[in-house]
Amino acid sequence: QLKSIVIPEGVECIEDYTFNGCKLLSNVTLPKGLITIGNYVFEDCISLEEIELPEKLENVGNSGFANSGLKEVVLPEGLKILKYNVFESCKQLESVYIPASLDGAGYYGVFADCPNLKTVTFEEGITTIPENIFAEAYISEIEIPETVTKIEKHAFRDCTQLKSIVIPDGVDCIEDYTFYGCKVLSDVSLP
C-alpha cells in the first residue's frame with residue numbers, strides 16, 4: 001500500500017518492476033543523478049499523476065510508465081532512449097515535451113492508446129522526429145518545428161486521429177511508412 005517514496009541520491013538505476021502495480025503510489029521523488037529507469041518500473045501506478053524526471057536521466061525501459069496516471073510529461077533534455085510502450089495507455093496524459101537529444105531506436109508505441117494527448121512540444125533546435133515516436137498515438141494535429149530536417153520511418157504510423165500536419169521547408173527526408181495507417185489524414189502541407 002505504498003503511497004509515497006523518496007529515492008535517495010546516489011541511486012543511478014531503478015531496476016525492472018520495482019514499483020510495478022503500486023496502485024496507490026502518488027508521490028515519487030527521483031534522485032538528481034538517476035540515469036536509468038528500467039522496464040515496467042512504474043507500470044500500473046494509476047495514482048501517479050506527476051513526476052519530475054531528473055536532468056541526468058538517459059533512458060527509460062519498456063513500459064516504464066505504461067498505464068500510469070500521468071497528466072503531463074516533460075522529458076529531460078539529456079534523454080537518449082525511450083523503449084517500447086513507455087507511456088502506453090496513460091489515459092490522463094494531455095501534454096508531452098520532446099527533447100532534441102532522443103537518439104535511440106525502439107520507440108514503438110511510446111504514446112499508444114493515450115486518448116487525451118493533445119499537446120506535443122518539441123525542444124527548440126530539434127532536427128529529427130525519431131522513428132516510431134508517435135506510432136499508434138491519438139494526436140489529431142501536430143506542428144513540426146522549422147528546425148526539423150528529417151522525419152524517421154514510422155514516426156506517425158497508425159495515428160488514426162491525425163487530420164493535419166505541416167511539414168516545414170527544411171525537411172529533406174521523410175522515411176518509409178511515416179504516415180502509414182493515418183486513415184483520416186486529409187490536410188498535408190509539404191515544403
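Me: Where is the place of Tyr40?

Reply: This is a predicted model, in which local features need pLDDT of at least 70 and side-chain atom pairs count only at pLDDT 80 or more, while totals for chains, interfaces and linings use all residues. Residues are numbered from 1 along each chain as its sequence is written, and side-chain values use heavy atoms, with hydrogens and water left out. Tyr40 sits in the loop between strand E4 (36-37) and strand E5 (59-60), where strands are DSSP runs of E with at least two residues, numbered from the N terminus.

Me: Is Tyr40 buried, exposed or partly exposed?

Reply: Buried means under 20% relative accessible area, exposed over 50%, and partly exposed in between, with a 1.4 Å probe and protein chains only. Tyr40 has 24% relative accessibility, so Tyr40 counts as partly exposed.

Me: Which residues is Tyr40 in contact with, leaving aside its neighbours within four places in sequence?

Reply: Contact means heavy atoms within 4.5 Å, and on that basis Tyr40 is in contact with Tyr17, Asn20, Asn62, Ser63 and Gly64.

Me: What is the order of the strands in the open sheet of three strands?

Reply: Strands of a sheet pair through backbone hydrogen bonds, either parallel or antiparallel. Here two strands pair if DSSP finds at least two bridges between them, and the order is E10-E12-E14, with parallel pairing. Strand E10 (128-129) and strand E14 (173-174) stand at the edges with a single partner strand each, so one side of each has no neighbour in the sheet. Between E12 (residues 150-151) and E14 there are two bridges, and Lys150 has Cys173 in E14 as its bridge partner.

Methods:
Helix = DSSP H or I, 4+ residues; strand = E, 2+ residues; numbered from the N terminus.
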